[in-house]
Amino acid sequence: MSGAAAMTVGSAHGLLPAPSAATNTPINLIPTTPSGAPNYWCTWAVQNYMHGQHASSLSIEDLEGDSGSRLAHDAMNEEVLLGSHGWARSFYPRVREDLYLMLDDGWESGGMSTFELDKQKFPSYTGSAAQRLRTLNDAVRNERWRSLALWCRNTPGGTEDRRLERISADAAIDYWKVDIGDPTFHLIETRNADHLPLQFEHVHGESALNGDWHRGGRFGAQPQGSKRQQILAHTDVYRTYDVTSILSLPTTLDRMTEMLQSAQGRPELRTFLNVEDEVYVAAVMGCTMGILRHPLVGLRPGNDADLFFNGPRKAKGRMDEVVRSLRWQRIAPPFRVGLGTFSASEEILTDDWLFERGQTWDKDVVGKVAYQGAPACMARGIALPKVEAHGEKPFVFAARFPNGAVGIGVQERTHKQNGWFMPSAEIELQVGDAKGPYGIFGACNSLRLVFAHSIVHRRVFVQDLLADTALDVTTQVTIKGNTLHLAEANMRKFGLSAASSGDLSSPGFVLAIR
């Protein structure tokens, strides 16, 4: 049943009350209104997959480093974006309203911050700089995306910044991905002075791997006054930056941990943290997404090399995870880094991988074993989950949102011997008096949600975050006093009930108690 036909409970910015027992009307726990969070799908990874499609042979070396970046830059044009099978017309049809469509490097002519839409690549768009961008933005919106967003680097500063901001505002484009540059945050200053409806994302450039990746590979603490802290204090969105696809999870978790740790107790910090394509991390931990994955596969010769998405995780086969994460954020929107508490376990989990050619764009890593470590458990606004395991543990993270929702995520590990795998674990989360609803991402042997008061005689409703109707599963779960117990079979059944055919995504569902 569609969201329009089912009754939607609650709104994107409030608690979702549990379904009513007095009606037979189907219940939809997921609002139909987008969250308004500054999430986007970025074209960069698919640009990097264009060269060599349908060719008889392909040189992997050509895809690496500066050569690969140039090929990706050249791949951007009007046809691949808005042609009959273009990205804007093909990707993410269910959640486009939740996403900006971010044009990465290659859309403009004359440099990296000219805001001149390339006339040769986009010949159908004419007029002034603002008119061309406005018409392109209209075309993107006509495909039901939230809006166009733009990548730039090393903005010029001075009065030229103000001119570029005006072009963007006149084109109704309100999100910039500032991929290095603007060291004095002049863009923010002029935006505020002119009262323009613009949002800026800034970064601190990082290597694809954290720290000494020959050993433990840790990101390191971020002291007050460091450059990263300065950026966090002056921008709208801070992106954790580039990673390798195979070790993306520990790399990103460790960066997120240190940035949130450093922001704790600083409510004046009103920045969102963007964790790129780690969508379940974003959903659970109240972060925003810079989604990169796309569904194109099997278009290159040989082993279908894709330097952005490869290895045992098979992220391009996990498109449902993106949709689930965005729909959860309609219930539990991202929140600013300075809000609430953050904690991380002292226990560190270290993943490793022997990178082969064709598994990363970073040539320095090819042929070497890399290690990346991150805390075993992380939590925002809630006590750390308790994890019991015999042997390896999964990564576990949880958050209590300002509106009372709670999320918990259980994610896999990566080792060169056994690839992407989920260790067996029993997990307990003290949710206290949080009214929910509760988002559960991933699966484990056993998950216990412990409440402040007894939930005996309550009803339990669940909904795959891909579905439009909740189910009463009270008789399928175990309730003892103040504890709700979910077995692995429950989590897989509830969180994969609406899965797309052939999709490899981990479960993701919302649970409500009445």
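These are my notebook entries on a predicted model of one protein chain.

**Entry 1: ground rules**

I number residues from 1 along each chain as its sequence is written. The model is predicted, so local features need pLDDT of at least 70, side-chain atom pairs count only at pLDDT 80 or more, and totals for chains, interfaces and linings use all residues, while side-chain values use heavy atoms, with hydrogens and water left out.

**Entry 2: confidence**

I looked up pLDDT, the predictor's confidence in each residue, from 0 to 100. The chain averages 95, and 96% of the residues score at least 70. I then checked helices (H or I, at least four residues) and strands (E, at least two), which are DSSP runs numbered from the N terminus. Strand 1 (residues 7-8) has the lowest confidence, at a mean of 36, and helix 10 the highest, at 99. Over residues 1-19 pLDDT stays under 50. For that stretch the model has 60 contacts (heavy atoms within 4.5 Å) beyond four places in sequence. Where pLDDT is low, predicted coordinates should not be read in detail.

**Entry 3: overall build**

I found 12 helices and 27 strands in the protein chain. The radius of gyration, taken over C-alpha atoms, is 23 Å. The C-alpha trace spans about 65 × 50 × 50 Å along its principal axes. I counted as buried any residue under 20% relative accessible area, as exposed any over 50%, and as partly exposed any in between (1.4 Å probe, protein chains only). On that basis 61% of the 514 residues are buried. Of the contacts with a separation of 6 or more, 72% are between residues 24 or more positions apart.

**Entry 4: nonpolar cores**

I looked for nonpolar cores, meaning sets of buried Ala, Val, Leu, Ile, Met, Phe, Trp, Tyr and Cys residues joined through side-chain atoms within 4.5 Å. Which members of the largest core touch the most others? They are Trp 41, Tyr 92, Met 256, Met 285 and Trp 328, in a core of 96 residues. Helix 10 (residues 279-285) gives the most to this core, with 7 residues.

**Entry 5: cysteines**

I searched for disulfides (a pair of cysteine sulfur atoms within 2.5 Å) and found 0. The cysteine sulfur nearest to Cys 287 is that of Cys 377, 16 Å away. Cys 287 is buried, at 0% relative accessibility. For Cys 444 the closest cysteine sulfur is also in Cys 377, at 11 Å, too far for a bond. Cys 444 is buried at 3%.

**Entry 6: Arg 293**

Is Arg 293 buried or exposed? I find Arg 293 buried, with a relative accessible area of 1%, in the loop between strand 10 (290-291) and helix 11 (319-331). Its side chain makes a polar contact of 2.8 Å with that of Asp 277. A polar contact here is a pair of N or O atoms within 3.5 Å; within protein, one must be able to donate a hydrogen and the other to accept it, and residues adjacent in sequence count only if both atoms are side-chain atoms. Other residues that Arg 293 touches include Trp 41, Tyr 92, Phe 309 and Glu 321.

**Entry 7: Leu 465**

Leu 465 sits in the loop between strand 23 (460-464) and strand 24 (471-472) and is buried at 0%. Among the residues in contact with Leu 465 are Ile 30, Trp 328, Phe 441 and Phe 509. Leu 465 and Phe 494 are 29 residues apart in sequence and 9.3 Å apart in space, C-alpha to C-alpha.

**Entry 8: backbone exceptions**

Most residues other than glycine have a negative phi, and most peptide bonds are trans. I noted a cis peptide bond between Gly 436 and Pro 437, with omega about 5 degrees. Pro 437 is in the loop between strand 20 (426-432) and strand 21 (438-441). Phe 115 has a positive phi of about 60 degrees and is buried at 0%. Phe 115 lies in the loop between strand 4 (100-103) and helix 5 (129-142). Tyr 241 also has a positive phi, near 85 degrees, and is buried at 7%.

Technical notes
Rg over C-alpha atoms; globule rule 2.2 N^0.38 Å.
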